[in-house]
Amino acid sequence: MKKTRSQNVIRNMWVGTMFQMISLLLGFVSRTIFIKILGSEYLGLNSLFTNILTVLSFAELGIGNAIIFSMYKPLANNDMTKLKKLTNFYRETYKKIAFVIIIVGLITTPFIPFIIKNTPNISESIYLIYIIFLFDTSVSYFFSYRTSIITADQKNYIIITYTYVFKIVQIILQLTTLYFTHNYILYLILQVLNTIITQSFLAHKSKKMYPELVKVKGEELEKNERKTIFTNVKALFIYKFSSVILNGTDSIIISKYLGLTILGLYSNYYLIVNSLALIISQIQNAFTSSVGNLIAKENATKEKKIFNELFYFTGLIYCVVGSCAYLLFNDFITIWLGKEYLLSNFVVAMIVGHLCFNGMLFATFTFRNTAGEFNHLLR
C-alpha cells in the first residue's frame, strides 16, 4: 500500500532521530577514547582536514539539490523515461565532480603545512592523512546518483537506516582498533572502507527498489532540461558559496592562527552542536521530500499553510535547544572532559547563535529548493 505524505514524514523522522541518538552516544564514547589515546592535536587535525574537504565540496555547486528537485514531478507522474535521463545526467555530472575534487585536492596537498600554525607533534605523515581524507570524501560521489531517487521518493528512512547501522559498526571497529593498536592510519582506513561498503550497499538497494532505473547509461536529457538545471545551479552557487564560507572555514582559520590544540578544544564544542543540529535535521529532513511531493500535487493555499506550520515548528525547536545549549554547554564539557577543555562563555554564545540562526532558515530553504525557486537567490 502506498504511504501518505504524513506517514512518510513520521517514518523518516522516527527512524532518523532514533539512529542519530544512538550514533550521538557512540560518538561521545568514541571522542572520549580518541582524546585519551591520541590527544587534542590529532583531534584538531581531524577537524582541519574535514573542513578543507568541505571547502573542496564547493565543486558540487548544489547540483544534487537541483536534480533531486527535477525528480519530484516525474516520480509523482511515474514517468520512468524522464527519471532515467535525470539519473544518467546525475551520474555523469557527479563523476566529473569527483575527479575535480580529487585533482584540486591533490594540488592543495603541498600547501597543508601553511595552514597549520605549529608543526603538529604526531608520528604519521600529515600528507598521508590528508590523502586518506580526500579519498574518503571523493569516493561517495561515484555512488550518490543511485541514492538520490530514494530521497526524492520520500523514503529517506531507508538510507538513514543502512547508513547508521554501518556507521555504528564502523565506530565499534575503530574504537577496538584504536584501543589495541593506537594506530591513527588504521582508524582512518576503517572509515574509508565503511564509506565504500555503505555507498555500494545503498546503490545495490536502489537497483532492487527501482529496477527500471538500473540501465541508465545512454539516456540523454534534453538540451532545454539541462539548461533549466544549470540555471538553477547558477542561482544555487551563491547559497553554496556562502554556506561553505560560513560553515566550512572555521577550522582552517583556527588552525592557521591559533593552532591544532585550540582547534581540538573547539571541535569538542562543534561535536555537540553538530550532534544537536543532526538530531534536529533528522526531524526536519523528514519533511523535505514530502514538501516536494506537496508542491507537485497541491495548491498554493495548502502550501502556505504547511510553510507557516513548519516555520513555527522550527522556531520553537531552536529557541528551546539554543537556550538549553548555552546554559549547559560548559557544565557538560567539564563533566565529560574536564575544565582544561573549556572555552569562554562568549565563544559558546557565538557557537550556539550560529546553530540557531542557521537552523531557523530551514523552512524557507526547504520550500525554495523543493519548489525550484532557486533564482530568487539572485534577486
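The points below go through a predicted model of the protein, from its overall make-up to individual residues.

1. Overall make-up. The protein contains 14 helices and 0 strands, and read from the N terminus its elements accordingly run α-α-α-α-α-α-α-α-α-α-α-α-α-α. Of the 379 residues in the protein, 49% are buried, while the accessible surface comes to about 18,700 Å², with 66% of that area belonging to carbon and sulfur atoms. Among contacts between residues at least 6 apart in sequence, 85% join residues that are at least 24 apart.

2. The nonpolar core. The largest nonpolar core has 93 residues, and within this core Phe49, Ile129 and Tyr184 are the residues with the most contacts. Helix H11, which spans residues 260–297, supplies the largest share of the core, namely 10 residues.

3. Tyr184 and its surroundings. When neighbours within four places in sequence are left aside, Tyr184 is in contact with Phe34, Leu38, Tyr42, Asn46, Glu124, Ile129 and Phe133. One of these partners, Ile129, is listed together with Tyr184 among the residues with the most contacts inside the largest core. Two others, Phe34 and Tyr42, form one aromatic cluster with Tyr184 and Tyr187.

4. Aromatic pairs. The count of aromatic pairs comes to 17. One of them is formed by Phe28 and Phe332, whose rings are arranged edge-to-face, at 5.4 Å centre to centre and with 70 degrees between the planes. This pair links distant parts of the chain, given that Phe28 belongs to helix H1 (residues 5–38) and Phe332 to helix H12 (residues 300–336), 304 residues apart. As for accessibility, Phe28 is buried because its relative accessible area of 15% is under the 20% cut-off, whereas Phe332, with a relative accessible area of 37%, counts as partly exposed.

5. A nonpolar patch on the surface. Phe99, Ile103, Ile107, Phe111, Phe114 and Phe142 form a nonpolar patch on the surface, and together these residues have about 650 Å² of accessible area. One member, Phe142, is found in the loop between helix H5 (126–139) and helix H6 (144–152), and its relative accessibility of 32% places Phe142 in the partly exposed class.

6. Loop residues with positive phi. Asn78 has a phi near 55 degrees, a positive value in a residue other than glycine, and is found in the loop between helix H3 (63–76) and helix H4 (80–108). His182, which is not a glycine either, has a positive phi of about 55 degrees and is found in the loop between helix H7 (156–181) and helix H8 (184–209). Asn78 counts as exposed, because its relative accessibility of 55% is over the 50% cut-off, while His182, with a relative accessible area of 46%, is partly exposed.

7. A buried lysine. Lys85 is placed in helix H4 and counts as buried, because its relative accessibility of 15% is under the 20% cut-off. Residues up to four places away in sequence not being counted, Lys85 touches Glu219, Glu220, Leu221 and Glu222.

Note on methods. Residues are numbered from 1 along each chain as its sequence is written. This is a predicted model: local features need pLDDT of at least 70, side-chain atom pairs count only at pLDDT 80 or more; totals for chains, interfaces and linings use all residues. Side-chain values use heavy atoms; hydrogens and water are left out. Patches are made of residues with over 30% relative accessible area and no salt bridge: like charges are joined within 9 Å, nonpolar side chains (Val, Leu, Ile, Met, Phe, Trp, Tyr) within 5 Å. Accessible areas come from the Shrake-Rupley method with a 1.4 Å probe; for residues, only the protein chains shown count as cover. A salt bridge is a side-chain nitrogen of Lys or Arg within 4 Å of a carboxyl oxygen of Asp or Glu. Helices (H or I, at least four residues) and strands (E, at least two) are DSSP runs, numbered from the N terminus. Buried means under 20% relative accessible area, exposed over 50%, partly exposed in between (1.4 Å probe, protein chains only). A nonpolar core is a set of buried Ala, Val, Leu, Ile, Met, Phe, Trp, Tyr and Cys residues joined through side-chain atoms within 4.5 Å. Contact means heavy atoms within 4.5 Å. Rings of Phe, Tyr and Trp (its six-membered ring) pair if their centres lie within 6.5 Å; planes under 30 degrees apart count as stacked, over 60 as edge-to-face and the rest as tilted.
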